[in-house]
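Dear colleague,

I am handing over a structure for you to look at, and my notes on it follow below. Please keep it open while you read.

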Amino acid sequence: MKLGGFGLIEHYESISAAGYDYAELDMPEIEALSNDAFAQFKDKTASVGLPILTGARILPIAVPTFFIDGFKPSKLVPYLKHSSKRAAELGIKKVILGNGKARMLPNPASIKNEAVFLELLRMMSEISGENDQEMILEPLGPKYSNYINTLEEAVEIVNRVNMKNLYIMADLRHMLWSKESLDDLSSFVNYVHHVHVDYPLSFPERGYPCASDDYDYSKFVNELIKSGYNDTLTIEADFPKDWKIARQGAMEVLQKLFK
């Protein structure tokens with residue numbers, strides 16, 4: 001398994017120095033760089049050598065959008081093509097659709113627009129596939145979205161969209177807030193291609209896991225081991241003051257996964 005650190009471009013070298021296997025960076029920030037700034041950052045990644053395997057928050061949208069009457073996925077094509085191409089140039093292999101607010105249902109009747117959302121997912125998957133990337137759909141807890149809250153719901157959507165490079169991910173925080181059994185990690189492991197973890201009991205703060213937390217991480221760790229999952233796992237938490245110490249604390253909790 002590979003352990004990743006989540007951050008912004010400014011944190012890339014700190015993530016590397018802390019000893020992570022890869023970085024997970026913000027996709028909209030990368031997309032928004034000028035051509036010169038992007039070229040400079042690309043040169044820096046070549047020099048530092050830490051892979052950037054996953055891209056978070058594919059879209060810079062923080063208001064209900066996908067289920068609003070009249071939304072047209074095709075309007076996002078230029079942005080998505082540019083973003084995915086840049087991500088591919090950096091070596092990003094997995095592109096994550098969280099964007100909980102963008103996919104909020106403004107009201108129960110808005111589910112009538114679900115076919116438009118499925119069209120959007122097919123389009124995103126196609127664009128990602130053109131760049132040899134996987135599209136990762138993230139289930140989010142009820143404090144973050146009211147649509148696709150569990151692994152099972154995400155798997156249902158993936159099967160309906162039916163794109164060969166579309167998968168889901170699991171996030172301990174969101175599984176907990178959705179009251180989802182951690183046994184689902186094993187039930188749906190064939191669909192799970194990425195994992196997030198942090199200290200899951202706080203909101204909106206997201207702390208680094210550590211052994212002194214008032215949460216027992218052992219069931220999560222044991223269930224991941226039982227499932228046979230052996231891919232990328234990112235500590236998606238608030239940016240720490242000391243990246244190395246934060247990683248060391250998290251490894252005390254997760255060490256069984258990396259033996």
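The chain holds 10 helices and 8 strands, where helices (H or I, at least four residues) and strands (E, at least two) are DSSP runs numbered from the N terminus. The radius of gyration of the chain, taken over C-alpha atoms, is 18 Å, close to the 18 Å that the globule rule gives for 259 residues, so the chain is as compact as a globular protein of that length; the rule itself is 2.2 Å times the number of residues to the power 0.38.

Please bear in mind that this is a predicted model, in which local features need pLDDT of at least 70 and side-chain atom pairs count only at pLDDT 80 or more, while totals for chains, interfaces and linings use all residues. Residues are numbered from 1 along each chain as its sequence is written, and side-chain values use heavy atoms, with hydrogens and water left out.

The strands form a closed barrel of 8, running E1-E2-E3-E4-E5-E6-E7-E8 with parallel pairing, where two strands pair if DSSP finds at least two bridges between them. From one strand to the next, the twist averages 30°, with axes being lines fitted to C-alpha atoms (for helices over the stretch in contact) and angles running from 0 to 180 degrees between N-to-C directions. As one example, strand E3 (residues 52-56) and strand E4 (residues 94-97) run parallel and are joined by 2 bridges, and Gly55 has Val95 in E4 as its bridge partner.

Helix H10 (residues 243-254) packs on the sheet and touches strand E1 (2-7), E7 and strand E8 (232-235), contact meaning heavy atoms within 4.5 Å; the direction of H10 makes about 140° with that of E1.

Turning to the aromatic rings, the structure holds 11 aromatic pairs, meaning rings of Phe, Tyr and Trp (its six-membered ring) whose centres lie within 6.5 Å, with planes under 30 degrees apart counted as stacked, over 60 as edge-to-face and the rest as tilted. Trp177 and Phe203 form a tilted pair, 6.0 Å centre to centre with 55° between the planes, and they stand 26 residues apart in the chain. Lys143 lies over the face of Phe203, at 5.1 Å from the ring centre, the rule being that NZ of Lys or CZ of Arg is within 6 Å of the centre and within 35 degrees of the ring normal.

Best wishes
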